[in-house]
Amino acid sequence: MPKQAKTCDVIVIGAGAAGCVVAGRLAERSTASVVVLEAGLNDFDPLIHIPAGFAKILQKDWHVWAYDTALQKQLDGTTRRYRSGRVVGGGSSINAMCYVRGQKQDFDRWQEAAGEGASWDFETMLRHFRAQECNDTFHDRFHGIDGPLRISLPKGINALNAGCLKAFQEAGLPYNPDYNGESQRGVSPVQGNYADGRRCSAADAFLRPALRSGRVELRTSATVTRILIDKGRAIGVEYVSRGKRHRLFAGQVVVSSGAIHTPKLLMLSGIGAADQLTGLGVQIRHDSPEVGQNLADHPIVPLKAFCRDGFGYQRSAQGLGALATGLRYLLTKTGPAASNAIDTVSYFDPQDPAAEPSIQCYHAPIISEDGLSPSGKQAGVTFELVVLQPQSRGSITLGSLDPRAMPRIDPNFFGETQDLDLAVKSVRYMRDVMTQPSLQRILTAEVAPGIERQSDAELAQWVRRVATTMWHPVGTCRMGADDRAVVDSRLRVNGIENLRVIDASIMPNITSGNTNAPTMALARHGTDMMIDDLCLA
Ligand SMILES: Cc1cc2nc3c(=O)[nH]c(=O)nc-3n(C[C@H](O)[C@H](O)[C@H](O)COP(=O)(O)OP(=O)(O)OC[C@H]3O[C@@H](n4cnc5c(N)ncnc54)[C@H](O)[C@@H]3O)c2cc1C
């Protein structure tokens, strides 16, 4: 440590899903003093806490980092809107709250990547999933009830989603009460991070109790611009807050800025592909060619159908209906605003009905242009088809040395043709489900892709036009046992001491489902390893 005095034991960069867990676990298990630096504001906006408020937040671009992707070759050379949380709680404060663990094989692959002697296998991760949960329904080998993170099942299922539940079964997919249990396969009610009509973000579950310990300090509107590195060791950070530049020193720096900003910050600090960074004038601290590479994200394809009037939430989310929904929520904390309003989901493999799922499909009971809020008067449903284990990989690259500039984000959707083929097959599968009796009596017409599109080529063309992001970027600081991995199996940044990455960017492969729950679980595991390694307990 050079002349500057250490100001705390651990700096956590980012109070997002992972950063809140890191701070929470440090407060719970260690005596370390911790400062959490968050670029966004505190989570005082009531819309963050009203479960259905996320649709409004995203529509208005509040509390988000807003960017567009690079031109996507396989999406007809167009860009896509990309967002991530910029507020205390990060993504967990603005996301759709769907709680999904993923499949056993996802974590087997993490274990394989982490190498012999490492502990990222399914059973290890299951321990962390169980420990984080306060589940309102399940208490078994797969679920806990004593953790701080509240998880609920919908309190009642609307008639349109009830029709979906039955139609999938008529098509041969079994009812599965718990997709976070033994198997993901089936049609199920959606588990969500909310309870008693209120979102339960990572800030609610983990950060707020940590702040009460007195050992954790949160600084908001504090954007870290650089990690300070001296003789191969991280010694602190430089950050900007309300127009002023500050420096903060610590024994350990943890980067939890998410899969877009973590690689950006590492690159700005001289950790990345030397040939690219030298060209930009960055002083190289460690040549780590895969920083920003291996970006995985779930592409989503919205298939839409109109239904008979009175079904779904088209009316209750607009005009006078929205007013009534809001009033009901205020008075009783019930109704569509008290949950994420997506009551059911299905997981299946359109190629092999008995196999573990390759497709996730949310049954959103609205017709929507932006995928979030209803558009138009006519009632309908949007089947959000998601490729669960995409093979395509993209990248995050630095375009400029200006820390305020966004990096170049290239998810490379459908870069591998099998992802596109699978998406097309999932559309065909859904068409079969829509013709089953329980949906046939509700649905009136397919809106998109529309029955005029029948051949694989026509469907593929449509998929390329409408596919977009599910907002699940991961993998850009890949964990691995090999030389090119960005972090090792204990999440230490290779080549730099006293520096760790703990967030979605370390995932070697994307999990089969929404990424918030696995990010929090991996953060708990990573923090435990840090506490043990540094003898902080
Ligand atoms: C619109 C949307 C909907 C989603 N829906 C779901 C869902 O329903 N279910 C689900 O499981 N997942 C969902 N996700 C994904 C989930 O939210 C993310 O996987 C999760 O938040 C990732 O956690 P993280 O800690 O890696 O990053 P984040 O939660 O993004 O946290 C990173 C934090 O770091 C801060 N930060 C970044 N750079 C800096 C800097 N330089 N200095 C200081 N602070 C910085 C950011 O402001 C942010 O608060 C959704 C995501 C989005 C965007």
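Me: Buried means under 20% relative accessible area, and exposed means over 50%. The model is predicted. Is Cys200 buried or exposed?

Reply: The cut-off for buried is under 20% relative accessible area. Cys200 has a relative accessible area of 8%, so this residue counts as buried.

Me: How many disulfides does the structure hold?

Reply: A disulfide needs two cysteine sulfur atoms within 2.5 Å. Cys200 is in no disulfide, its nearest cysteine sulfur being that of Cys134 at 8.2 Å. For the whole structure the number of disulfides is zero.

Me: How many of the 11 residues of helix α9 are buried?

Reply: Helix α9 covers residues 258–268. Its buried residues include Ala259, His261, Lys264 and Leu268.

Me: Which residue with a positive phi follows α9?

Reply: The phi in question is near 95°. The residue that follows the helix with this positive value is Gly270.

Me: Which backbone lies 2.9 Å from an oxygen atom of the ligand?

Reply: Among the 39 residues around the ligand, those that come nearest are Ala18, Glu38, Cys98, Thr515 and Asn516. A polar contact needs N or O atoms within 3.5 Å. The polar backbone atom at 2.9 Å from a ligand oxygen is that of Ala18.

Me: How many residues of the shell around the ligand are charged?

Reply: Elements that give two or more residues to the shell include α1 (17–29), β11 (222–230) and α15 (516–533). The shell has 17 nonpolar and 18 polar residues. Its charged residues number four.

Me: What kind of aromatic pair do Phe168 and Phe348 form?

Reply: A search of the whole structure finds eight aromatic pairs. In this one the ring centres are 6.2 Å apart and the planes make 35°. Phe168 belongs to helix α7 and Phe348 to strand β17, 180 residues apart. With its planes at that angle, the pair is tilted.

Me: What kind of pair do Phe348 and Tyr429 form?

Reply: A pair of aromatic rings is described by the distance of the centres and the angle of the planes. Planes under 30 degrees apart count as stacked. With centres 4.0 Å apart and planes at 10°, the pair of Phe348 and Tyr429 is therefore stacked.

Me: How far apart in sequence are the parts that Phe348 and Tyr429 tie together?

Reply: Phe348 is buried, at 1% relative accessibility, and Tyr429 is buried too, at 15%. Phe348 lies in strand β17 and Tyr429 in helix α12 (residues 417–434), so the pair joins parts separated in sequence by 81 residues.

Conventions. Residues are numbered from 1 along each chain as its sequence is written. This is a predicted model: local features need pLDDT of at least 70, side-chain atom pairs count only at pLDDT 80 or more; totals for chains, interfaces and linings use all residues. Side-chain values use heavy atoms; hydrogens and water are left out. Buried means under 20% relative accessible area, exposed over 50%, partly exposed in between (1.4 Å probe, protein chains only). Helices (H or I, at least four residues) and strands (E, at least two) are DSSP runs, numbered from the N terminus. A residue is near a molecule or strand if one of its heavy atoms lies within 4 Å of it. A polar contact is a pair of N or O atoms within 3.5 Å; within protein, one must be able to donate a hydrogen and the other to accept it, and residues adjacent in sequence count only if both atoms are side-chain atoms. Ala, Val, Leu, Ile, Met, Phe, Trp, Tyr, Cys and Pro count as nonpolar, Asp, Glu, Lys and Arg as charged, and the others, Gly among them, as polar. Rings of Phe, Tyr and Trp (its six-membered ring) pair if their centres lie within 6.5 Å; planes under 30 degrees apart count as stacked, over 60 as edge-to-face and the rest as tilted.
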